Every structure is written in structure tokens, then in C-alpha cells.
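Here is a friendly walk through one protein model, written for someone who likes to know the cut-offs behind each term. Have the viewer open as you read.

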Amino acid sequence: MNILGGKFRWGPGGYENGPSGHDGTSWKTENAWDLITNTGNEVYSITDGVVMSIKSPKTNNSHLFGTSIEVLGKGENPSVFYCNLSSIKVRVGNKVHVGEKLGKVANAPGNGESFLHVALPFGKRISSLLT
């Protein structure tokens, strides 16, 4: 499944190696990938589930940019955490399906390059969800 409505390149750590330079002990920062892309690219769900939380930049910690969305996976589908979003298209409690539009990539302040931060629970790999 495509996660973005445009091209991207892998951030530090690459495709299978996960993050480089992320801090913390949560899967939302440690088992995560940054996908470098253009501001405004559409972001699509890579799992079936329910939107459990949507946090604005004011409620995110200082290491996260933009709005974040956490989707609790349903059945065999893993939970997924998306961050650095704008123009959110879903609400807490909404059921989402693979390929459903979640929002757009926001501009990352002070970074110079926009990116989507996506995380999976420990032990899960992003390669299993992307085609």
C-alpha cells in the first residue's frame, strides 16, 4: 500500500534499519521511520483500525512536529502512529481502512525538509505494510 500521494525517500536509518537519532523508549519514537517528502502530499492509512487519538502540535511533546494520529489496528493489522500531519480528514473514533486518506504532510519547522514520521509497535517492520 502506498502511504503517501507522492514520492518519498527514506530518512536516516533507511528502509529496514528503522530510525537513527530518535530518542525515547516508546515504539512511537523508537520503532519509527521518517519519510522525506513534499509538504502537502496526501497521507494514507496503511492499516485497518480505529482512530484512537489525534493530538495537535501544542499537545505533542517537543520531539514531534505537526498533528499526530494513532490508529489502533484491527485483527491482524498493527497499530500505526503517524506524525507531522496537517489538514486532518479523520476524527477520534472513526474506523479507517487501508488506503483511506488521513491528512497531509505538514511543514517541519526548522528542518528544511518535510517528512512523515510513521511508527509501528516493537517487533513490526514497515516493509510488511508497503508495496
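## Strands around β8

Leu 85 stands opposite Val 105 in β8. Strands β6 and β8 run antiparallel and are joined by 2 bridges; strands count as paired if DSSP finds at least two bridges between them. Strand β8 also has β3 as an antiparallel partner, through 3 bridges, and here Glu 42 sits across from Lys 104. Strands (E, at least two residues) and helices (H or I, at least four) are DSSP runs, numbered from the N terminus.

Please keep in mind that this is a predicted model, in which local features need pLDDT of at least 70, side-chain atom pairs count only at pLDDT 80 or more, and totals for chains, interfaces and linings use all residues. Residues are numbered from 1 along each chain as its sequence is written, and side-chain values use heavy atoms, with hydrogens and water left out.

## Overall picture and confidence

The protein has 1 helix and 9 strands, in the order β-α-β-β-β-β-β-β-β-β from the N terminus. Of its 131 residues, 42% count as buried, meaning under 20% relative accessible area, with exposed being over 50% and partly exposed in between (1.4 Å probe, protein chains only). Among contacts (heavy atoms within 4.5 Å) between residues at least 6 apart in sequence, 65% join residues at least 24 apart.

How confident is the predictor? The average pLDDT, the predictor's confidence in each residue from 0 to 100, is 83, and 80% of the residues score at least 70. Among the elements, helix α1 (residues 27–30) has the lowest mean, 73, while strand β7 (residues 95–96) has the highest, 98. Where pLDDT is low, the predicted coordinates should not be read in detail.

## Strand β5 and its partners

Strand β5 is largely enclosed by the rest of the structure, because 5 of its 7 residues are buried. On one pairing, β4 and β5 are antiparallel over 6 bridges, and Gly 49 has Gly 73 in β5 as its bridge partner. On another, 4 bridges join β5 to β6, again antiparallel, with Ile 69 partnered by Tyr 82 in β6. The β5 and β6 strands form a hairpin with 6 residues between them, and Gly 75 in the turn has a positive phi of about 65°.

Glu 70 lies in strand β5. Is this residue buried or exposed? Glu 70 counts as buried because its relative accessibility is 17%. Leaving aside neighbours within four places in sequence, its contacts include Trp 27, Lys 28, Met 52 and Phe 81.

## Nonpolar cores

A nonpolar core here is a set of buried Ala, Val, Leu, Ile, Met, Phe, Trp, Tyr and Cys residues joined through side-chain atoms within 4.5 Å. The largest one holds 22 residues, and Ile 3, Val 43, Ile 46, Ile 69, Tyr 82, Leu 116 and Val 118 touch the most other members. Strands β2, β5, β6, β8 and β9 each supply at least two residues of this core, and the largest share, 3 residues, comes from β6. A second, separate core of 5 residues includes Trp 27, Ala 32, Cys 83 and Ala 119.

## Two buried loop residues

Thr 47 is in the loop between β3 and β4 and counts as buried because its relative accessibility is 0%. A polar atom of the Thr 47 side chain lies 2.8 Å from the backbone oxygen of Pro 78. The C-alpha atoms of Thr 47 and Val 71 are 7.8 Å apart, although 24 residues separate them along the chain. Beyond four places in sequence, Val 71 is one of the residues in contact with Thr 47, as are Tyr 82 and His 97.

Asn 41 belongs to the loop between β2 and β3 and is buried, with a relative accessible area of 13%. Its side chain makes a polar contact with the side chain of Thr 37 at 2.5 Å. Such a contact is a pair of N or O atoms within 3.5 Å; within protein, one must be able to donate a hydrogen and the other to accept it, and residues adjacent in sequence count only if both atoms are side-chain atoms. Not counting residues up to four places away, Asn 41 touches residues including Gly 5, Lys 7 and Lys 104.
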